[in-house]
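The sequence and structure are shown below.

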Amino acid sequence: MHETELSIKKDKILIVEDEAAIRDMLGYSLMKEGFSCDEAADIDQARASVETNRPSLILLDWMLPGMSGIDYARRLRSVPETRDIPIIMLTAKGEEADKVKALDSGADDYITKPFSTKELVARVKAVLRRYSADNEDGVIEVRGLLLDPDTYRVTANEQDLEISPTEFKLLHFFITHPERVYSRSQLLDHVWGENVYVEERTVDVHIRRLRKTLEPFEFDKFIQTVRSVGYRFSAR
Ligand code: CA
């Protein structure tokens, strides 16, 4: 593990990757773009790094010795202190089921090896942008569903919900744009940002996760599917 100098005000990326060559390549590419980096070769090192020096984003390899990246992502999401750290999963697997599994574990995005560093940097920036946007707005409430953009907290009937930042952004967008139908590609533009290479299917995965989170409070019915068009938020 090491940290670069000049880390003041820079977004810090934690790279969790057991292959030293890939780790170095990622660190080099990100530092060239002005990020500071911490490196970890396994989950134990990653944990220590998250505890002592909280990263702005984690690049998390799927296949690691010991605990897998997927399991670690789930663990990060289940704890209030680390729930809102963005995660991009690095995966050698390119199958659709694996992509869904990566997103279901709580990752905000995934990137399949081999990837270009240019694409990786673009995705890192897109995820960070998504997180920092809308932070200025105040608390929003709709029929017992309450969102606080400053803390990324969501409560339903005064109970805390476990929600990943991407679902938070999605819910925030819906709640601030009610009653209008948005196509998957429109949601990608608004929530994920333009010029981001994400498949439209990704939207469905996050919608499903969001509904599952809201389901115990029956708020999932607010997120409505409009067949062959897209989705709409309606609290009526
Ligand atoms: Ca690996």
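Two strands are taken to pair if DSSP finds at least two bridges between them. The model under discussion is predicted.

## Strand β1 and its partners

Strand β1, residues 12-16, is joined to strand β3, residues 57-61, by 4 bridges, and the two run parallel. Within this pairing, V16 stands opposite L60 of β3. Strand β1 is also parallel to strand β2, residues 36-40, to which 5 bridges join it; here S36 is the bridge partner of K12. Together with helix α1 (residues 20-32), β1 and β2 form a right-handed β-α-β unit.

Of the 5 residues in β1, 5 are buried. K12, L14 and V16 point one way from the strand, whereas I13 and I15 point the other way.

## Buried face of helix α3

In helix α3 (residues 69-78), the buried residues are G69, I70, Y72, A73, L76 and R77. Viewed down the axis of α3, these residues fall within an arc of 165 degrees, and therefore line one face of the helix.

## Nonpolar cores

The largest nonpolar core comprises 53 residues, and L30, L59, V124, L145 and L171 have the most contacts inside it. Helix α5 (residues 117-132) gives the most to this core, contributing 7 residues. Domain 1 (3-132) and domain 2 (140-233) each supply at least three residues to this core.

Beyond its neighbours within four places in sequence, L171 is in contact with L145, L147, V154, I163, L210, L214, I223 and F233. A second, separate core has 23 residues, including L14, I43, I58 and L60.

Terms used. Residues are numbered from 1 along each chain as its sequence is written. This is a predicted model: local features need pLDDT of at least 70, side-chain atom pairs count only at pLDDT 80 or more; totals for chains, interfaces and linings use all residues. Side-chain values use heavy atoms; hydrogens and water are left out. Buried means under 20% relative accessible area, exposed over 50%, partly exposed in between (1.4 Å probe, protein chains only). A crossover is right-handed if, with the strands pointing away from the viewer, the path from the first strand over the helix to the second runs clockwise. The arc is that of the directions from the helix axis to the C-beta atoms. A nonpolar core is a set of buried Ala, Val, Leu, Ile, Met, Phe, Trp, Tyr and Cys residues joined through side-chain atoms within 4.5 Å. Domain bounds come from an automatic or database domain assignment. Contact means heavy atoms within 4.5 Å.
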